[in-house]
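Thanks for making time this morning.

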Amino acid sequence: MKWSWPIARFAGIDVKIHATFILIVVLGALQWSAFGLPGMAFGAMLILALFLCVTLHEFGHGLVAQRFGIPVREIVLLPIGGVAALTRNPSKPLHELLIAAAGPAVNVELAVVVSPPAPQRAIPAEQCFRHIDGWPVNHPRRTDLARPLHPLQATPPFAQM
Ligand SMILES: [Zn+2]
């Protein structure tokens, strides 16, 4: 694909990024810009981690295609996702089905690997709400922020009767 450059090679398959890929990294950084430079770095890293998963998904398609004797020209990463470019279409429908299913199968495997283990016991609801957004509900700053938003609390306490 034009305007794309190789960044890695695995199992004989070049992984390339398209010139427009930088747009999604910048967008990811901007989404976290409220947290300053560390936030922007986090946003960019989040997008790169997401596209690592996209790359593994494409390798799912590519490696199964290679197993059925179909050479893979390249994997290209674009802002909208990845493309595993096969040199030809599979001749058997079952091969095509397995090649198509291999990408999502990688996603399922990734979900199992990165998911945290289920909690051993249920967390009480009041404990969940107490630490919402990292601020305890009874924290002075949380109360100050919340009070003007509630119409009854905006009036003095003696006027609420
Ligand atoms: Zn796919």
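This is a predicted model: local features need pLDDT of at least 70, side-chain atom pairs count only at pLDDT 80 or more; totals for chains, interfaces and linings use all residues.

Let me begin with His95, which is partly exposed because 17 other C-beta atoms lie within 10 Å; a residue is called buried with 20 or more other C-beta atoms within 10 Å of its own, exposed with 12 or fewer, and partly exposed in between, the C-beta atoms being placed from the backbone. Residues are numbered from 1 along each chain as its sequence is written.

His95 sits in helix 3, residues 93-114, where helices (H or I, at least four residues) and strands (E, at least two) are DSSP runs numbered from the N terminus. If we set aside neighbours within four places in sequence, His95 is in contact with Phe68 and Pro90, contact meaning that the C-beta atoms of two residues, placed from the backbone, lie within 7 Å. The C-alpha atom of His95 is also 7.8 Å from that of Ala65, although 30 residues separate the two along the chain.

Helix 2 itself has 32 residues and spans 47 Å from its first C-alpha to its last, close to the 46 Å expected at 1.5 Å a residue, the expectation being 1.5 Å times one less than the number of residues. After helix 2 comes Gly69, with a positive phi near 80°.

Turning to the packing of helices, the axes of helix 2 and helix 3 come within 7 Å and cross at roughly 145°; axes here are lines fitted to C-alpha atoms, for helices over the stretch in contact, and angles run from 0 to 180 degrees between N-to-C directions. On the helix 2 side the contact includes His57, His61, Val64 and Ala65, and on the helix 3 side Leu98, Ala102 and Val106 are among the residues involved. By class, this contact of helix 2 with helix 3 has ten nonpolar, five polar and one charged residues, with Ala, Val, Leu, Ile, Met, Phe, Trp, Tyr, Cys and Pro counted as nonpolar, Asp, Glu, Lys and Arg as charged, and the others, Gly among them, as polar.

Helix 1 (residues 21-31) packs on helix 2 (residues 36-67) at about 135°, with the axes 7 Å apart. These two helices are therefore oblique to each other, given that angles under 35 degrees count as roughly parallel, over 145 as roughly antiparallel, 65 to 115 as roughly perpendicular and the rest as oblique. Ile24, Val25 and Gly28 of helix 1 are among the residues that meet helix 2, whose partners include Met40, Gly43 and Ile47. The contact of helix 1 with helix 2 divides into eight nonpolar, three polar and no charged residues.

Finally, two backbone details. Most residues other than glycine have a negative phi. Trp3, in the segment before strand 1, has a positive phi near 60°, and Ala11, in the loop between strand 1 and strand 2, has a positive phi near 55°. Trp3 is exposed, with 11 other C-beta atoms within 10 Å, and Ala11 counts as exposed with 9.
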